[in-house]
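I opened this entry to keep track of what I looked up. My plan was to go from the whole chain to single residues.

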Amino acid sequence: MRWVGGRLGRVGLGRLPGRGRGRLPSRAGGRRVSPLGAEQGSATVWTAVAATALCAVFAAELALGGVVGARHRAAGGADLAALAAAGHALEGQTRACGLARKVAVAQDVRVVRCAVRGEIADLTAEVGYGPFTARVRSRAGP
């Protein structure tokens, strides 16, 4: 720091545009212009757009994961219910399908269709996930 022009200041450092007393440099016509030009604030807009896009992708991924999980749950419940029905197929369709429905309810699955022909049980079950429904068909026998 040196004494320059009646006040204390740094020698060799000129004033940078836009620095100083809070004023922006002006063009001809007296309009004030930012040193960044028209790009001022564009990074904020791009960041907001990118964050919104990432949130949309994340929400779609969560929905897809939930639907896939519901389909797996429906498949597992349908398989277990079909095995239960096939195990009791000789007791009659009514008894076998009633037992299959009990097994499906324990798995949070709903039996849509149940048929027993001989020793083979053919069953369709479904699980709801939000607005989506996963429906799975399963067969079991000896």
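**Overall fold**

I am working from a predicted model. I counted the elements first: two helices and five strands. Along the sequence I read them as β-β-α-α-β-β-β. The chain has 142 residues, and 25% of them count as buried. I also looked at contacts with a separation of 6 or more; 33% of these join residues 24 or more positions apart.

**The core**

Next I asked which residues of the largest nonpolar core touch the most other members. They are Val 116 and Leu 123, in a core of 24 residues. I listed the elements that give two or more residues to this core: α1, α2 (93-106), β3 (110-117), β4 (120-129) and β5 (132-140). Helix α1 gives the most, with eight residues.

I then followed Val 116. Beyond its neighbours within four places in sequence, Val 116 contacts Ala 89, Gln 93, Ala 96, Cys 97 and Ala 121.

**Ala 81**

I picked Ala 81 in helix α1. Is Ala 81 buried or exposed? Ala 81 counts as buried because its relative accessibility is 0%, and the cut-off for buried is under 20%. Leaving out residues up to four places away, I found Ala 81 touching Ala 100, Val 103, Ala 104 and Leu 123. I also checked Ala 81 against Gln 107. The two are 26 residues apart in sequence, and their C-alpha atoms are 9.1 Å apart.

**Ser 138**

Ser 138 lies in strand β5. I put it down as buried, because its relative accessibility is 4%. What does its side chain pair with? The side chain of Ser 138 makes a polar contact of 2.7 Å with that of Asp 79. Among the other residues Ser 138 touches, not counting those up to four places away in sequence, are Ala 78, Ala 82, Ala 121, Asp 122 and Leu 123.

**The surface patch**

Last, I turned to the outside. I found a nonpolar surface patch of about 340 Å², made by Val 45, Trp 46 and Val 49. Trp 46 sits in helix α1 (residues 42-87). Why did I write down Trp 46 as exposed? Its relative accessible area is 62%, and exposed means over 50%.

Key. Residues are numbered from 1 along each chain as its sequence is written. This is a predicted model: local features need pLDDT of at least 70, side-chain atom pairs count only at pLDDT 80 or more; totals for chains, interfaces and linings use all residues. Side-chain values use heavy atoms; hydrogens and water are left out. Patches are made of residues with over 30% relative accessible area and no salt bridge: like charges are joined within 9 Å, nonpolar side chains (Val, Leu, Ile, Met, Phe, Trp, Tyr) within 5 Å. Accessible areas come from the Shrake-Rupley method with a 1.4 Å probe; for residues, only the protein chains shown count as cover. A salt bridge is a side-chain nitrogen of Lys or Arg within 4 Å of a carboxyl oxygen of Asp or Glu. Helices (H or I, at least four residues) and strands (E, at least two) are DSSP runs, numbered from the N terminus. Buried means under 20% relative accessible area, exposed over 50%, partly exposed in between (1.4 Å probe, protein chains only). A nonpolar core is a set of buried Ala, Val, Leu, Ile, Met, Phe, Trp, Tyr and Cys residues joined through side-chain atoms within 4.5 Å. Contact means heavy atoms within 4.5 Å. A polar contact is a pair of N or O atoms within 3.5 Å; within protein, one must be able to donate a hydrogen and the other to accept it, and residues adjacent in sequence count only if both atoms are side-chain atoms.
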